[in-house]
Amino acid sequence: MKKIEYSQSTTRYLRLSGPPSGQGAGGGARTRDRRVHADLRADSLVTVPPTYGIQTHKFWKKVGVHGPSPVPFFGNIPELFDPAVGFRAAARRWQELYGRVFGIYFFRKPVLVVTDPEVIKQILIKDFNVFVDRFFVGEGKLQNPLLRLTVFFAQGSTWRRLRKMMTPSFSGAKLRFLTSRVNKMARQLGDYLHNAAVEGRPLEAKWVFGAYILDISAAMTFGLDLDSLNNLEGPFTQHAKSLVTIDRPIQIKLTLAGIFPALLPILQFFNIGYFKYSDVCFFRDNLKALVRERVKQGESRDDFLQLFLEAEFKATKEDGSYDCCSKLSEDEIVAQALLFIIAGYDGSSGALQYLYYQLAKHQDVQTKILQEILEEVGEDQEPTYENCQNLSYTEAAIEETLRMYPPVLLLLRNCTKDTTLGEISVASGTGVIIPAYNVGRDPELFPNPDEFQPERFLGKSRLTVNPASFLPFGLGPRQCIGLRFAMLQIKVALVYTLRSVAVVSATPEVLETEDFTGVLTPKVPINLFLAPRDLERY
Ligand code: HEM
């Protein structure tokens, strides 16, 4: 096996094989041959039945990239999604065997798995134009058509236009304007936790923080005051919970689509996709009615829906003047609002549950956060956006939690133009997976990675963290658009809850997680045990 010089920082990681037999070590022929375009498109089952299941599985061997052997039809899916192994353990083992860049197969699709920060930076930032899109099972065709209009699933120039229009909604000025809404929901959360503490009732973390995040989403998109902590049965809460749950039947359908893309039109015809059709319809119909009502009434509200209604796209001419100006269509507004219910839920409620678990296990960190809150915000004042910006220790504790427990485990990209990553030629149509969890727990990138140390993200230590190794929100132009809003939700929750309760302990004793759905999930639900807080004697 030949170890190829890649970049100074990556040579010790990357292991590429020598050129395929019969080829020279360099020159155009090698490059041409290495760019073997496996058939990455959705072929008809009818034209190639005998070899269909293995047709694309020689791709990595031909281009000289190492990786585990695939099984017909499924590629490396069985090991990746085997609950007994899981993606993280499989990726860790393969990294040991094949280095920090290796090739696998997602069903029939060749996918490069990358854990090298320099290559990650190249994909997510430097060569972003070649890796703009995400890849999905079924090449995105399994999305409900409405969801395909969202900034998360959109591709190429459509994504660029949407992202440009939505970015101002998350500016500091807009978030300042939205903070009072978040305060209201966090106050309800604080009261709920306080009552539970007084009654000596333990709380299931995912449920309680999920309800808080749903309440914020409902207020920000529907202008609704759900109070789902005290009102579990409402249709919004029920549909939202169902919407954000990827269950087994959906997994099975996705598997089918992965193996036989020819089935896609049938699945589409029956409205089978990532999200349940009935849930999408519920939100679509209600949001449409709401948008029309707002336009008709001409009323203005302090929420995301309003910001989307006002969003404008201004294409610039070469001389800097504006060429045209367009607004989001009604469907696009509805789609983004629906996306926010989905996108914020797993990320923010996941982050909160892992954070409170850590606070229970690290009382010293909890005390430091409370001290900082009392100094910056006060004992019973409402936090402002500026207050939240100044909570630097609190922010470090959140970041450390997200390093250890990134709710979104994998960053996905699709190569849309033949390119090279160092010595590797990457053909258009190749997928890329960056396992954010594995990178964050890598001892070469974060010493003692299983230890919770918020100080890593403070002061001078913060400066030594390579941005390409801290990936809970992704990186580059396509990183999470809701990052600042998510941090605001979490900090405001901490202000209202830690001032009224102490997180005394949490179960399970040892936190084990699983990764089957692509979202980090505790194997056993986290339960929090609380006590009313006495601010005189904390
Ligand atoms: C702690 C909470 C959150 C975490 C950990 C998180 C994580 C992520 C990650 C990993 C991505 C993919 C980034 C990439 O591919 O480089 C993403 C994308 C996205 N997130 Fe978040 N997220 C959180 C909260 C939110 C919230 C609250 C919202 C909206 C209100 C949101 C909206 C989005 C959107 C729209 C995208 C797609 C961006 C694009 O493709 O341009 N997220 N998020």
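This text walks through a predicted model, from its ligand shell to a pocket and then to a sheet. Local features need pLDDT of at least 70, side-chain atom pairs count only at pLDDT 80 or more, and totals for chains, interfaces and linings use all residues. Residues are numbered from 1 along each chain as its sequence is written, and side-chain values use heavy atoms, without hydrogens or water.

Start at the ligand. The shell around the ligand holds 28 residues, where near means a heavy atom within 4 Å. Those that come nearest are W159, R163, R413, R478 and C480. For R413, the distance to a ligand oxygen is 2.8 Å. For R478, an N or O atom of the side chain is 2.8 Å from an oxygen of the ligand. For R134, the corresponding distance is 2.9 Å. A polar contact here is a pair of N or O atoms within 3.5 Å.

Which elements build this shell? At least two residues each come from α6 (156-166), α14 (330-361), β6 (410-414) and α20 (483-498). Helices (H or I, at least four residues) and strands (E, at least two) are DSSP runs, numbered from the N terminus. The largest share, seven residues, belongs to α14. By class, the shell has 17 nonpolar, seven polar and four charged residues. Ala, Val, Leu, Ile, Met, Phe, Trp, Tyr, Cys and Pro count as nonpolar, Asp, Glu, Lys and Arg as charged, and the others, Gly among them, as polar.

Now turn to the second largest pocket. Its space is about 610 Å³, a volume filled by probe spheres set on grid points joined across faces, edges and corners. A pocket is an open set of points on a 1 Å grid over the protein atoms alone, where a 1.4 Å probe fits, with protein on both sides within 12 Å along at least five of seven lines; lining residues have an atom within 4 Å of a point. Of its 30 lining residues, R88, A89, R92, Y437 and N438 are closest to the centre. Two or more lining residues come from each of α4 (86-98), α18 (436-440) and β11 (513-514). Helix α4 gives the most, seven residues. The lining divides into 11 nonpolar, five polar and 14 charged residues.

Four strands form an open sheet in the order β1-β2-β9-β6, with mixed pairing. Strands pair if DSSP finds at least two bridges between them. Strands β2 (109-114) and β9 (431-435) run parallel over three bridges. Within that pair, V113 bridges to I433 of β9.

Key:
Polar contact = N/O pair within 3.5 Å; in protein donor to acceptor, adjacent residues only side chain to side chain.
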